[in-house]
Structures are given as C-alpha cells and as structure tokens.
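Please read them with the sequence and the coordinates open beside you.

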Amino acid sequence: SLSHQTRLPDELVVTDDGSTDETTQIVKKFAQSAPFRVTLLVNESTLGYSQNFGKAISRCSGDVVFPCDQDDWWFERKIQVMLEYLRDHPQTSLVLCDTLMTDAELMPSGESKLGNIKSSGLPDTAHVMGCCIGIRRNLVKLVLPVPQEVPAHDNWMVQLADELGVADRLDVPLQYYRIHGKNASAFFVNRSKEPSHFATLRDRLARFMRRFKAVGGMA
C-alpha cells in the first residue's frame with residue numbers, strides 16, 4: 001500500500017528486531033522495485049517494539065515521519081491528505097487519522113478506532129495509535145530518544161504532543177487495521193466488535209489505577 005500512494009514517501013526505513021520469518025528477504029525483494037529509497041536495518045540484539053520504533057524514526061530524514069505497522073493497509077491518499085492538513089495547520093506537529101477495523105483478509109467490520117472510542121465514552125485523546133500518526137521533524141527532536149521505561153512509543157509521542165497542545169485528530173479513516181489475533185496492541189477499542197459498557201468501565205478503572213500509583217497513592 002505504500003507504493004500506491006498518490007503522494008509517494010521519499011524513503012522507507014525498516015528496522016528488523018530479530019524476526020524469525022522471511023521479513024528481511026521480503027523487504028529486500030520489495031526494495032528492488034519500490035518507487036522510493038528503502039533502507040533495511042537489522043538489530044544485533046532485540047530491542048523490543050517501543051525502542052525498535054524509536055530507532056526507525058531516528059533514522060528517517062524527512063520533514064514528516066509516518067510510522068507504519070505490519071497490521072495496517074494504507075488508503076492511496078493517506079500521505080497526501082495528512083500532509084495537506086499539516087500544511088494548512090502550521091501549529092500542529094502531530095496528526096492522527098482514523099482507521100477502519102478489518103479481519104486478517106481486509107474485510108471491514110464496520111467499526112473504526114475513533115468510532116469505538118466515542119461510543120465507549122472515552123475522549124478523542126484516547127486515540128494514540130502509532131500507525132495513524134504523521135509527526136513533524138520539530139516534534140521528533142523532542143520525543144526521541146524514547147525513554148527505556150516507556151512500554152509504548154506511540155503513547156509517549158502522542159501524549160507528549162497532547163501535553164504541548166500540538167496534536168490533532170482527523171475524524172477521517174485513511175487506512176485499514178487488520179485484527180488477526182496476534183496483534184501487539186491489547187487496547188479493547190482496537191477489537192472489531194463494538195466495545196461493551198463493561199469493557200469501557202474496566203479500561204477506565206485500569207487507567208485510574210495506573211495514574212493513582214504514578215502519583216504515589218499506592219505502594
């Protein structure tokens with residue numbers, strides 16, 4: 001889907017974090033015909049996905065960086081639409097699009113990430129999905145390196161951007177997100193079924209307990 005963008009990326013940086021399948025061979029084959037430069041980096045030791053994404057982002061040279069996961073499929077106008085939004089909103093340093101949920105074969109479920117968030121009663125700021133991000137170079141310099149204690153790079157980047165008041169969210173789906181049972185994210189609104197009221201309350205309780213512990217409310 002990257003090679004079919006109406007506005008092609010200038011480069012693709014892939015960091016392999018010790019995969020045991022044919023990832024590197026697939027990337028090398030793709031690089032031979034890709035309409036843009038492809039850089040493949042293979043880690044000597046496993047970093048974990050948060051630090052691995054941080055490494056990949058640090059090796060990108062563009063003015064705007066678009067993280068990409070193995071689970072998403074970008075619509076043809078994704079890069080174009082998000083770049084146009086950033087052009088028209090110079091005070092925005094990070095923008096997120098919405099994403100449609102599908103099964104492993106890219107069959108849409110009729111649900112979207114932002115739609116699930118809103119129907120769950122959560123604020124739009126709960127949308128922090130890394131593969132939906134476009135981030136300017138000026139913010140990249142602030143969010144990197146990703147702290148070692150941070151379990152998720154996208155939470156770190158988006159929440160920092162929210163804190164600085166430079167993040168926007170587009171209520172426009174610009175990609176598919178495949179749900180196949182082995183996704184890294186366990187956030188309940190990422191599931192293809194509309195979240196239940198109980199699931200919403202359970203997630204809110206978990207978030208409250210994390211904040212409570214963080215401020216010293218519990219041992």
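Which residues does Leu94 touch, not counting residues up to four places away in sequence?

1. In this predicted model, Leu94 touches Ile133, Gly134, Ile135, Leu139, Met157, Val158, Ala161, Val166, Ala167 and Asp168, with residues up to four places away in sequence not counted.

2. Leu94 also belongs to the largest nonpolar core, which has 44 residues, and it is listed with Ile133, Ile135, Leu139 and Met157 as the members that touch the most other members. The elements that give two or more residues to this core are the strands E1 (11–16), E2 (37–42), E5 (94–102), E7 (133–136) and E8 (167–178), together with the helices H3 (78–88), H5 (137–143) and H6 (153–164).

3. Helix H2 (residues 49–58) deserves a separate comment: seven of its ten residues are buried, so this helix is largely enclosed by the rest of the structure. The buried residues of H2 are Ser50, Gln51, Asn52, Phe53, Gly54, Ala56 and Ile57, and what covers them includes strand E1, strand E3 (64–65), helix H5 and helix H6.

4. On the cysteines, the structure holds zero disulfides. Cys132 is in no disulfide, and the nearest cysteine sulfur, that of Cys131, is 4.2 Å away, whereas a disulfide would need the two sulfur atoms within 2.5 Å.

5. Are Cys60 and Cys132 buried or exposed? Cys60 counts as buried because its relative accessibility is 16%, which is under the 20% cut-off, and Cys132 counts as buried at 0% relative accessibility.

Conventions. Residues are numbered from 1 along each chain as its sequence is written. This is a predicted model: local features need pLDDT of at least 70, side-chain atom pairs count only at pLDDT 80 or more; totals for chains, interfaces and linings use all residues. Side-chain values use heavy atoms; hydrogens and water are left out. A nonpolar core is a set of buried Ala, Val, Leu, Ile, Met, Phe, Trp, Tyr and Cys residues joined through side-chain atoms within 4.5 Å. Buried means under 20% relative accessible area, exposed over 50%, partly exposed in between (1.4 Å probe, protein chains only). Helices (H or I, at least four residues) and strands (E, at least two) are DSSP runs, numbered from the N terminus. Contact means heavy atoms within 4.5 Å.
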